[in-house]
Amino acid sequence: MSRTALRICPLCEATCGLTLTIEGTRVTHARGDRDDVFSQGFICPKGASFGAVDSDPDRLRTPLVRRDGELREATWEEAFDAVAAGIRPVVERHGPNSVGVVLGNPNVHTMAGALYPTVLLAGLGTRSIFTASTVDQMPKHVSSGLLFGDANAIPVPDLDRTDHLLLIGANPLESNGSLCTAPDFPGKLKALKARGGTLVVIDPRRTRTAKLADRHVAVRPGTDALLLAAMAQVLYEEGLVDPTPHVQGIEELAGELGEFTPEAVAEACDVEAGVIRTLARELAAAPTAAVYGRIGSCTVPHGTLASWLVDVLNILTGNLDRPGGALFPQAATDKTPRPAGPGRGFALGRWHSRVSRHPEAKGELPLSALAEEIDTATEEGEPVRALIAVAANPVLSAPDGDRLDKALDSLDFMVSVDPYLNETSRHADVVLPPPPPSQSPHHDFAFNTLAVRNQVRYTRPAIPLEPGRMAETEILARLILAVTGMHGADPAAVDHMVIDQTLGKAVKEPHSPVHGGDPRELAGRLTGDTGPERRLDMMLRLGPYGDGFGVRPDGLSLEKLLAHPHGIDLGPLEPRLPQPLKTRSGRVELLPGPIADDLPRLRAALAERPEGLVLVGRRHLRSNNSWMHNVPALTGGSNRCTLHIHPEDAERLGVKNAEPVRVKGAGGEVTVKAEVTDAVRRGVVSMPHGWGHDRPGTRLSHASADPGVNVNQLLDGRLLDPLSGNAVLNGVPVEVAPEAAPESPAVTEKLTALT
């Protein structure tokens, strides 16, 4: 007999509410929850395929432990015994930095990934931390840290109220939005146009989003920062600056941007000066407007400057922190808001990577540097000898996967928390598989801080944990104990410790609703069936909408949230400045030192002109990086690993549609089928990310049957945005030729010179 259950979708950043149909212990259907306060019934193909993702037969059901060179099924006790025996000796013999930690994208989609990795990192004390952020959005974190003093204070466009939206390097009709949590992003863009608003898209590809736009500007890849700087220069030159309050550095910035006139950047961007001036004037003239940049403007040589300039334009036009502009969301689990005033600020380069001396950003080192941190000996400390990978597949997601593949094989020990035996986890000595999402609770800690409307939702597991499974929260708690010398302790001790520490700090903070209280008494009042639920209850009650443990009787608590299974609407985004600012000045610092120091590099780019073809990425609606390619319902159709190339470039190079071509970059060469299309501008080719499922030793039956190729193998990892350490994935020079064509002996030398 079937039943229904609610579940928040964890498959992309839109966080849509789902209604699942369940027969026995299997999800047989998923539809949008029409009563969900945030998504109101919207669903995309990924959400509709929730059941197929959940019941993928290749998902691991029990731990794997390497014995005699082979991964074999083991009990949970045997697995954690092996983790403790493998990691602790490395820490004790070589120090904590000899243990690397890699956190992948799915961590931000689970409660466990939000609540436990910070505890793991603190317990290990390692600085060898790598995450998916440095192949994605780290430039936005760095620019926000420098502007606002908080790397997680990221303003989002007020989609429901804006009159003018400018998107650069973003394709939300395919991605569903990123660093901007918005169910039914396509519907919101159509509503913008229906109410008479304007949509502008800047992208070298004519994406589905670009097709919807009132104006599409096909900028040359990698020149986003130049284009945005010229728009800002026009605002100054034409007296159109009307800045947001609480800002310092307005006059100083004018001088720094003086050289970036539309005429000066036009040739480099391949955008006419008149078009650039029109973009700036229309932005300034709109009653309300918002500029939003995403991965296409982050994964370029000037990613941090482009991310900074997105907010500079919002600030100079007075659209930061006002309805219809770009505002700071307020999540229900945010810390108790502190009074406005100066903070500690944001610092870069507090330590450096051992081999190439890359500066840390937000406590992380570049994922591109992971291989060399493992396989290269230096006098600067110990190499990474052991690795903990949580929901991460860097062999496909980081540049030069072949080198990383070999490096992982040389580790003393590796543990992977992953539901699949994939291109990375196949190297592990222990694989700890979390249960499918239907058997896990869900609350969006990270994405609610980026939501276009304030709201709060929580769903308990739709299906009870199967016998032999272990909750992901318990897996990570036991992992923390195993690697920090407390193996065998009660995993509930991790949650107790966090609760005690959090409440102990809260009672000492004058602005806290529990100031002067007794931490033990407060802990005793927490509700919830599990440690993670008690932590959620604590965060809700201490948060900006919380009941303050009874101080505000109408406020939030877990008990109140459970009484509203479709969520609680907390209202539209509201102006919050200067409260979110944590800069040393207590103001928005428009021209921070590291930004000013990097501007000469941008000035030098005025004279740069790419030779030959450059590569950009591509996103598919039914794909989310590498881990969804094993689900038949989410592959095929338009979701294909092909090389998009413009007809004129194809004719010049002798490339035929649907025929294989060789693509060569500084990091290697791949062979892929060409797809001739005018959806990509001349001089640009495009390939999707996350493919290359052809390595032996994996258990991805559907993905390996149609493996595609790993676009990141075209990169050697040397090209980084210097401020953030983010990999340069877009605007990368490549050579393309028909598979049968002889290779030019000058190709390698030319590519080396270009990079």
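Cys-180 is buried, with a relative accessible area of 0% (buried means under 20%, exposed over 50% and partly exposed in between, with a 1.4 Å probe and protein chains only). The model is predicted: local features need pLDDT of at least 70, side-chain atom pairs count only at pLDDT 80 or more, and totals for chains, interfaces and linings use all residues. Residues are numbered from 1 along each chain as its sequence is written, and side-chain values use heavy atoms, with hydrogens and water left out.

**Cysteines**

- The count of disulfides is 0, a disulfide being a pair of cysteine sulfur atoms within 2.5 Å.
- Cys-180 is in no disulfide, and the nearest cysteine sulfur, that of Cys-12, is 12 Å away.
- For Cys-9, the closest cysteine sulfur is in Cys-12 at 6.0 Å, which is too far for a bond.
- Cys-9 is buried, with a relative accessible area of 7%.

**Helices H12 and H13**

- Helix H12 spans residues 262–269 and helix H13 residues 273–285; their axes come within 8 Å and cross at roughly 115°. Axes are lines fitted to C-alpha atoms, for helices over the stretch in contact, with angles from 0 to 180 degrees between N-to-C directions. Helices are DSSP runs (H or I, at least four residues), numbered from the N terminus.
- H12 and H13 are therefore roughly perpendicular to each other (65 to 115 degrees).
- From H12, Pro-262, Glu-263, Val-265 and Ala-266 make the contact with Ala-273, Ile-276 and Arg-277 of H13, where contact means heavy atoms within 4.5 Å.

How values were computed: Helices (H or I, at least four residues) and strands (E, at least two) are DSSP runs, numbered from the N terminus. Angles under 35 degrees count as roughly parallel, over 145 as roughly antiparallel, 65 to 115 as roughly perpendicular and the rest as oblique.
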